[in-house]
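Let's take a walk through a protein model together, going from the overall fold to single residues. Keep the picture open as you read.

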Amino acid sequence: MTESSVAQTQSVSSVTTGVLVILTAKANVTREQVMAVMPTEVRQTVQLYVGGKIREWFSRADGRGGVFLLDTKDVAEAHAIMESLPLAKQNLIDHEYIAIGPLLPLRLLLASPERPQ
């Protein structure tokens, strides 16, 4: 890679376009505990979706939680959003936060090909 393509790649790598949040029910939490909170959790989650903070959400195939794609600028903002929800307030779930951004190798396709010397 040339110096300019490395610099471009490094500057793009700091761009966060959202945060992926993986929710997992804590091991000692029963289904009944979770279901008691779900009506309020769902209402507040839908409000976040309508407000543009949640782009997408999915159920985990193992039935132990969900996956949210948040439209936030960083993990701190995502953390504040998720911790405001009832399941988090009652300490029933764990969260894993992953900042996401553009697929960096695609940037290399846009660079001018180097000429052989």
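A contact here means heavy atoms within 4.5 Å. With that in mind, look at how the chain folds back on itself: among contacts in the protein chain with a separation of 6 or more, 72% are between residues 24 or more positions apart. Before going further, note that this is a predicted model, in which local features need pLDDT of at least 70 and side-chain atom pairs count only at pLDDT 80 or more, while totals for chains, interfaces and linings use all residues. Residues are numbered from 1 along each chain as its sequence is written, and side-chain values use heavy atoms, with hydrogens and water left out.

The elements run α-β-α-β-β-α-α-β-α, which comes to five helices and four strands. Helices (H or I, at least four residues) and strands (E, at least two) are DSSP runs, numbered from the N terminus.

What lies inside? Of the 117 residues of the protein chain, 30% count as buried, where buried means under 20% relative accessible area, exposed over 50%, and partly exposed in between (1.4 Å probe, protein chains only). In soluble globular proteins, nonpolar side chains tend to be buried together. The largest nonpolar core in this model has 18 residues; such a core is a set of buried Ala, Val, Leu, Ile, Met, Phe, Trp, Tyr and Cys residues joined through side-chain atoms within 4.5 Å. Those with the most contacts inside this core include Val21, Leu23, Phe68 and Leu70. Strand 1 (18-25), helix 2 (31-50), strand 3 (65-70), helix 3 (75-83) and strand 4 (93-100) each supply at least two residues of this core.

Let's zoom in on Phe68, in strand 3. Is Phe68 buried or exposed? Phe68 has a relative accessible area of 7%, so it counts as buried. Leaving aside neighbours within four places in sequence, the contacts of Phe68 include Val19, Val21, Leu23, Ile54, Trp57 and Met82. Phe68 and Glu56 are 12 residues apart in sequence, yet their C-alpha atoms are 5.9 Å apart in space. Leu70 also touches Val19, Val21, Ile54 and Met82, among others, again not counting residues up to four places away.

Next come the charged residues. The structure holds five salt bridges, each a side-chain nitrogen of Lys or Arg within 4 Å of a carboxyl oxygen of Asp or Glu. One of them joins the side chains of Asp94 and Lys26 (3.0 Å, N to O). This pair links distant parts of the chain, with Asp94 in strand 4 and Lys26 in the loop between strand 1 and helix 2, 68 residues apart.

Lys53 and Glu77 form another salt bridge, at 2.6 Å from N to O. Here Lys53 sits in the loop between helix 2 and strand 2 (54-59) and Glu77 in helix 3, 24 residues apart. Lys53 counts as partly exposed because its relative accessibility is 29%, whereas Glu77, at 19%, counts as buried. Together with Lys73, Lys53 and Glu77 are linked in a network of salt bridges.

Finally, visit Glu41 in helix 2. Glu41 is buried yet has no salt bridge, and the nearest side chain of opposite charge, Lys89, is 9.1 Å away; Lys and Arg count as positive and Asp and Glu as negative, while His and the chain ends are not counted. Beyond its neighbours within four places in sequence, Glu41 is in contact with Leu85, Pro86 and Leu87.
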